Amino acid sequence: MFYDLEGIAQWDGHIGRAILPSDEVAQRDELANATRDGNWQRVFAVLSPRDKRSWVNAVRPGGKRRYAPLHQAAWHGVSTDIAQRLLEYGAWRTLRNSAGERPVDVAARRGHHYLARVLEPEVKHHVPGDVLAGLQRNLFALVTRYDKSASRDLRLPDLEVLTELDPPAYWIRISGGIFVIALRGCELNVEAKGKMDYGSSPVFRITTDCVYEPSGEPWTVPTPVAVTMADLFDPEPERWGLRGDPYLWRALRAHLSDADVATSVDEVVSRLQAAFSELVGLDLAGDRQSSVYRAEYAHGGMSSGMISLDTWRERLMPLLAERAANGTR
């Protein structure tokens with residue numbers, strides 16, 4: 001593998017305000033403010049220096065919505081020229097915000113359909129969704145093995161982005177050094193650079209089943225113990241009720257990303273129900289409707305934006321409770 005870091009993309013993982021230098025936080029806030037306000041002249045002034053190009057996929061430090069510049073461009077309904085310029089800087093079409101939306105989804109929700117041609121992801125490397133989920137789970141296990149604070153302090157890499165990159169590789173800085181993550185068909189190769197535990201740059205091979213050490217020995221990834229409430233949401237269910245359900249699932253995951261898992265299942269369920277009420281605007285346990293429409297979870301299709309309350313009561317909430325029972329310490 002051995003990619004030159006200058007020749008591949010960077011996954012901007014450090015987004016916590018407390019772990020970034022104050023001057024960098026100020027610059028990133030300036031970029032986030034400019035994209036929020038639609039001040040594209042200022043956006044490109046911030047991004048123009050070579051060492052700031054990776055910020056084209058950055059989100060506001062400590063922000064919950066995780067809108068990168070291309071998401072904001074889609075929200076504002078910019079000209080195709082501005083959207084194209086962001087893409088030329090390296091903006092990712094497959095990057096999702098905390099609600100699970102790609103820029104093309106944001107544009108569609110806002111009625112900016114003319115941007116669909118520019119923002120529709122060009123997938124160069126097709127990998128089934130369940131395979132990506134398995135690889136991502138094992139990649140997270142490897143990252144957290146080296147960086148114990150990763151689940152708290154890092155925006156962990158989203159492998160869907162690799163499907164649009166050529167070559168399908170990016171690098172992320174963690175406390176132990178750097179990981180270069182490359183997609184190889186339906187597997188990952190991960191090169192460890194820097195301090196780590198080795199004198200050279202070992203390469204790990206990740207499949208959906210396990211992580212292979214540089215020696216070739218398999219390391220069976222332990223069943224993950226839920227550390228934050230967000231951990232309960234991985235992997236996603238294979239079946240949903242209505243089209244809005246997966247987007248609500250991802251929004252709940254993001255909403256609870258900073259909350260530690262409680263020590264009792266009852267408290268976990270209580271937190272889940274409170275978060276559901278906050279995002280959907282009704283009491284799942286007390287309201288007897290079978291479904292409800294919410295525009296923020298509408299992304300196209302006949303039942304777009306529809307939340308199946310019956311599915312959440314009968315299957316999705318019990319699934320999360322079961323994971324809490326099996327995964328809390």
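Select leucine 159. Its contacts (heavy atoms within 4.5 Å), leaving aside residues up to four places away in sequence, are Leu132, Leu135, Gln136, Leu139, Tyr170, Ile181 and Leu188.

This is a predicted model, in which local features need pLDDT of at least 70, side-chain atom pairs count only at pLDDT 80 or more, and totals for chains, interfaces and linings use all residues. Residues are numbered from 1 along each chain as its sequence is written, and side-chain values use heavy atoms, with hydrogens and water left out.

**The core**

Next, select Leu159, Phe179, Ile181, Leu188 and Val190. In the largest nonpolar core, which has 34 residues, these five touch the most other members. A nonpolar core is a set of buried Ala, Val, Leu, Ile, Met, Phe, Trp, Tyr and Cys residues joined through side-chain atoms within 4.5 Å. Buried means under 20% relative accessible area, exposed over 50%, and partly exposed in between (1.4 Å probe, protein chains only).

Now colour the elements that give two or more residues to this core: α7 (129-146), β2 (169-174), β3 (177-184), β4 (187-193) and β5 (203-206). Which element gives the largest share of this core? Helix α7 does, with eight residues. Helices (H or I, at least four residues) and strands (E, at least two) are DSSP runs, numbered from the N terminus.

**Glutamate 160**

Move to glutamate 160. Find it in the loop between α8 (150-153) and β2. Is glutamate 160 buried or exposed? Its relative accessible area is 19%, so glutamate 160 counts as buried. Show Thr94, Arg96, Arg102 and Leu132 as well: glutamate 160 touches them, not counting residues up to four places away in sequence.

**Arginine 271**

Jump to helix α10 (residues 265-280) and pick arginine 271. Arginine 271 is partly exposed, because its relative accessibility is 29%.

**The whole protein**

Zoom out. The protein has 11 helices and nine strands. Its C-alpha trace spans about 60 × 50 × 40 Å along the principal axes. Of its 329 residues, 50% count as buried. Look at contacts between residues at least 6 apart in sequence: 61% of them join residues at least 24 apart.

Finally, colour by charge. Lys and Arg count as positive and Asp and Glu as negative, while His and the chain ends are not counted. There are 40 positive and 44 negative side chains, and the centres of the two sets lie 3 Å apart.

Conventions:
The place of a charge is taken as NZ of Lys, CZ of Arg, CG of Asp or CD of Glu.
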